[in-house]
There are 2 protein chains.
Amino acid sequence: MDNNLLIQALKGSPVERPPVWIMRQAGRYLPDFMKLKEKYDFFTRCRTPELATEITLMPIDQIGVDAAIIFSDILVVLQAMNIEVEMRDGIGPYLPSPIKDKASLEQSILPDVHEHLGYVFETVKMIKNELKEQVPLIGFAGAPWTLLCYAVQGQGSKNFDRAKAFCYQHPELANEFLQKITTTTIAYLREKVKAGVDVIQLFDSWGGLLTPKDYQVFSWPYIQQIIDALSGTVPVIVFGKGCWFALKEMSKSGAAALGIDWTCSARNARYLSGGQITLQGNFDPSKLLLPIPEIKIQVKQMINEFGKDRYIVNLGHGILPNIPVDHAKAFVDAVKEYQS
Amino acid sequence: MDNNLLIQALKGSPVERPPVWIMRQAGRYLPDFMKLKEKYDFFTRCRTPELATEITLMPIDQIGVDAAIIFSDILVVLQAMNIEVEMRDGIGPYLPSPIKDKASLEQSILPDVHEHLGYVFETVKMIKNELKEQVPLIGFAGAPWTLLCYAVQGQGSKNFDRAKAFCYQHPELANEFLQKITTTTIAYLREKVKAGVDVIQLFDSWGGLLTPKDYQVFSWPYIQQIIDALSGTVPVIVFGKGCWFALKEMSKSGAAALGIDWTCSARNARYLSGGQITLQGNFDPSKLLLPIPEIKIQVKQMINEFGKDRYIVNLGHGILPNIPVDHAKAFVDAVKEYQS
């Protein structure tokens, strides 16, 4: 690999400067992405390897990040399980037939991932081929809890109250469904690794909506299963938004790194995760609207606070659509200019 | 006061059992509230002392909580400042002319609170009169940061990105506005105390969207000013949703109690707040959909975890509209049946 910084940081090896990538780096803030968005709907872009590859490579060329992450969506796993998912303008994910009881749960399947998600593995191969070992490629999946949130709620939500109520009222059904998602996700990620991804990131976007106890019931055990299943293959990064309370368990899980959101200071994050594991994050996405010189100052401060080693620079959540490209690039440049 | 439990808990005095009240207890889960909602729009209910009084008293009679909280809204302070606020069905708060620059900020005023918020003080007097010292009456205000979020964003939001961008890009304007809100809030709360409220709660619903550093710039100093200004009058409860990272500063502020959301365990909350200050919370609002016997078990567990003293039972956020009244009552009853 020409640029090995991410892999080094995931191993905990000393680096000259930390690697940097950005969650949703192949996204709506890029004018070239918006051009493709006008021509092809969301899942067409996901399912057409040529399009997904083109989109995946955009931020490598245009802002110079140290890793690619495949353009896809966490909800493709639900689609493969026979749960219909649409992407609606102005609403986001929309599921016409949410899971609400045993009958609807039985409609979901344990899919043959080759048959239903083959387009993802094909895309991985195409990207790896195009990347020519320039930078590593990250593959990803949603945490089972986060997928359940969408599958039950039927769309995005501030508090996913219907999804939580379903779990509290029907814990056995919930755990059955979570296991089904987990089994599918493991099969999916194993094939993604076989197809060539160098790193896996798990996104638990809604883990932070649970109490610490419920997190240990409905989210964490399934993430741990996935980490265990991938053991010995590629490094796994776990990003649990709002999951500061679980950093200790996470740090003992075998994950190579933990993603941190911006509400957890570097100091708290290092303390809560035991001080040894690689951390990733945690610039407030809204701060990319600051003037460029101020972005550079604050990125440098952030690296000083986390320390340059065992650290991957990223935002604390996905990049916002209204960020100017040169601000995203300034974020990346600030890391490249870093001198301790 | 016939029922002095809340005041005792706020003083840190030992109690037989902790007091209990529910955020949004006078709200949409009550059928009688919904009947008034059909007849009168939101701000008519706030501005008509007879209606606001009737609504305030509903949960005292119907579910038996240990405190009343005046039916009102945090956004009345913005209205008094000459910032138009509507309440739209299906959207929630909607501000047709959000604050976006110096010019729009200059349109806002430092109001005479008697002139613009006199209806609130009149309501307080009416409620106190009706309550006949049965239970204490809580008055409240939004934290300046949370009010700024609405004033700038113009409506509710998952991440209040426009509000945050405004603060990062124009910190001087932001602080000028925050000070204006703070000055208004202090005048407002002092009059509320004069009118007869026994306790004040400050709601920082969106403090948890900030980094710990920014919280110290854009939110906490203004809350501290309000606490200081009310010093020597009535006890102040500060509820900062998602503000676990600031519990230490909060515990030294002179606040009588701190509200905790459900993502912070009792143990973490006691630890982070130094173990001495009274805490309030933190039942996951979605858990009121559990079967009644299970609610009772979990409430008892929660009291055991927080300890019966220096503790006020509440939810970790407002009660959801779809909670059956008998479940809300079971929550209250579980506290009344508590024996350590």
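Visitor: Which residue of chain B comes closest to the rotation axis?

Guide: Two copies of a chain are related by a rotation about an axis and a shift along it. Of the residues of chain B, Lys158(B) comes closest to that axis, its C-alpha lying at 3.2 Å. Chain B is superposed on chain A by a rotation of 180° with 0.0 Å of shift along the axis, and the RMSD is 0.0 Å; this is therefore the relation of a two-fold axis. The superposition is by least squares on the C-alpha atoms of residues with pLDDT of at least 70 in both copies. The model is a predicted one, in which local features need pLDDT of at least 70, side-chain atom pairs count only at pLDDT 80 or more, and totals for chains, interfaces and linings use all residues. Residues are numbered from 1 along each chain as its sequence is written, while chains are lettered from A and ligands numbered from 1 in the order in which they are written.

Visitor: How many residues does the contact take from chain B and from chain A?

Guide: Each of chain B and chain A gives 21 residues to the contact, where two residues are in contact if their C-beta atoms, placed from the backbone, lie within 7 Å. On the side of chain B that touches chain A, the largest share, five residues, comes from helix 9 of chain B. Helices (H or I, at least four residues) and strands (E, at least two) are DSSP runs, numbered from the N terminus. That side of chain B divides into eight nonpolar, eight polar and five charged residues. Here Ala, Val, Leu, Ile, Met, Phe, Trp, Tyr, Cys and Pro count as nonpolar, Asp, Glu, Lys and Arg as charged, and the others, Gly among them, as polar.

Visitor: At what angle do the axes of helix 8 and helix 9 of chain B cross?

Guide: Axes are lines fitted to C-alpha atoms, for helices over the stretch in contact, and angles run from 0 to 180 degrees between N-to-C directions. Helix 8 (residues 144-153) and helix 9 (residues 161-169) of chain B cross at roughly 105°, and their axes come within 8 Å. These two helices of chain B are therefore roughly perpendicular; angles under 35 degrees count as roughly parallel, over 145 as roughly antiparallel, 65 to 115 as roughly perpendicular and the rest as oblique. Leu148(B), Cys149(B), Val152(B) and Gln153(B) of helix 8 meet Arg162(B), Ala163(B) and Phe166(B) of helix 9. By class, this contact has five nonpolar, one polar and one charged residues.

Visitor: How do helix 10 and helix 11 of chain B pack?

Guide: Helix 10 (residues 171-195) and helix 11 (residues 212-230) of chain B pack at about 25°, with their axes 10 Å apart, which means that they are roughly parallel. Among the residues making the contact are Leu178(B) and Ile186(B) of helix 10, and Phe218(B) and Tyr222(B) of helix 11. The residues of this contact divide into ten nonpolar, three polar and no charged.

Visitor: Is Lys132(A) buried or exposed?

Guide: Lys132(A) counts as exposed because it has 8 C-beta neighbours inside 10 Å. A residue is buried if 20 or more other C-beta atoms lie within 10 Å of its own, exposed if 12 or fewer, and partly exposed in between, with C-beta atoms placed from the backbone.
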